Amino acid sequence: MYGIEKSTQKSEDKVLTVPINGTEDLIKKYKVHAHPLKIGYPNKIINYIAFRKPGGIINNIYEIIDIKDVIPSHYKNNDNVLKYIKDRYPTFGFSNENTPYRFYILKDYIKLDKPYVLSPNSQSAKYIELDDLVNDQIKYELFWKNFESKAFNNKQYASLFQKSKTLNRASYLVSLNDNDKGFVIRKNSQNNCIEFYIRRSSTIFEFYKNHISELEQNIPEHFEISKSSLDSSTIHKKFILNYPYSNIEDNEFINWSINRCITIKKILK
């Protein structure tokens, strides 16, 4: 059991983000979060934590004011940690009675004006800069505003694609004619790519996979196929075309996205 030293907020402060799997109500009620102390779980001591809902959505950031490492059944203090433990046993439970757990004691830090969306949303812990979580919303709103302005002022682009609503601040969907498939253009801190989705159709996915050379016709880059698409662990299949440069300017990625989408659409027709 130990406390965490307080420090003034700095841009390099990191936030531990974890997927929320059934304990969200307990976290809100007691301001406590817990996970086993074993390989595969986070072990860094940091000042902030946020919980990712399905789809990688983050609405709130919490400050970590204390940490307690203890076997749940051995905890005796009459506080919110004990209340959390008792309340969790009949619902979510604990994986192993003799496994030590790390308990985070929290307090509200900030509620985001607009949700932060982590994409892709893995099931493991991810560390994100506090400044990115709090301030990147404006940057991405400006990016997609510029994207829409350039994309749909392009007559060739507008004639090939049906305009669709913005999915979130990290992605934009341009639909194909039947609305069963579409391109998801993503730009966030991790990805600069086009994802060509095939929704709920293994038949169409297999057809494109078997004709990958035709799909890549007149495109310098090569499509990658996600492992989850290949091993059938997801019903939504996709091909990923990655932007081939680093340290890009927004306008460069916008131009690349528009040109690649036009080319892909022509090939598909």
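Start with strands β3 and β6: select residues 32–36 and 101–117 in this predicted model. β3 and β6 pair in the antiparallel sense, over 5 bridges. At one point of this pairing, Pro36 stands opposite Tyr101 of β6.

Which residue of β6 is the bridge partner of Val70? The partner is Tyr101, the residue that stands opposite Pro36.

Next, select Phe147, Tyr157, Phe183, Ile185, Phe239 and Cys261. These residues have the most contacts inside the largest nonpolar core, a set of 31 residues. To see where this core draws on the fold, colour the elements that give two or more residues to it: helices α3 (130–151), α4 (155–160), α5 (202–210) and α8 (250–268), with strands β9 (171–175), β10 (181–187), β11 (192–199) and β13 (236–242). α8 supplies the largest share, 7 residues.

Another core, of 14 residues, lies apart from the 31-residue one. To find it, select Tyr75, Ile85, Phe94 and Ile105, which are among its members.

Are Cys193 and Cys261 buried or exposed? Cys193 counts as buried because its relative accessibility is 0%, below the 20% limit. Cys261 is also buried, because its relative accessibility is 0%; Cys261 is one of the residues with the most contacts inside the largest core. As for sulfur–sulfur links, a search of the whole structure finds 0 disulfides.

Methods: Residues are numbered from 1 along each chain as its sequence is written. This is a predicted model: local features need pLDDT of at least 70, side-chain atom pairs count only at pLDDT 80 or more; totals for chains, interfaces and linings use all residues. Side-chain values use heavy atoms; hydrogens and water are left out. A disulfide is a pair of cysteine sulfur atoms within 2.5 Å. Buried means under 20% relative accessible area, exposed over 50%, partly exposed in between (1.4 Å probe, protein chains only). A nonpolar core is a set of buried Ala, Val, Leu, Ile, Met, Phe, Trp, Tyr and Cys residues joined through side-chain atoms within 4.5 Å. Helices (H or I, at least four residues) and strands (E, at least two) are DSSP runs, numbered from the N terminus. Two strands pair if DSSP finds at least two bridges between them.
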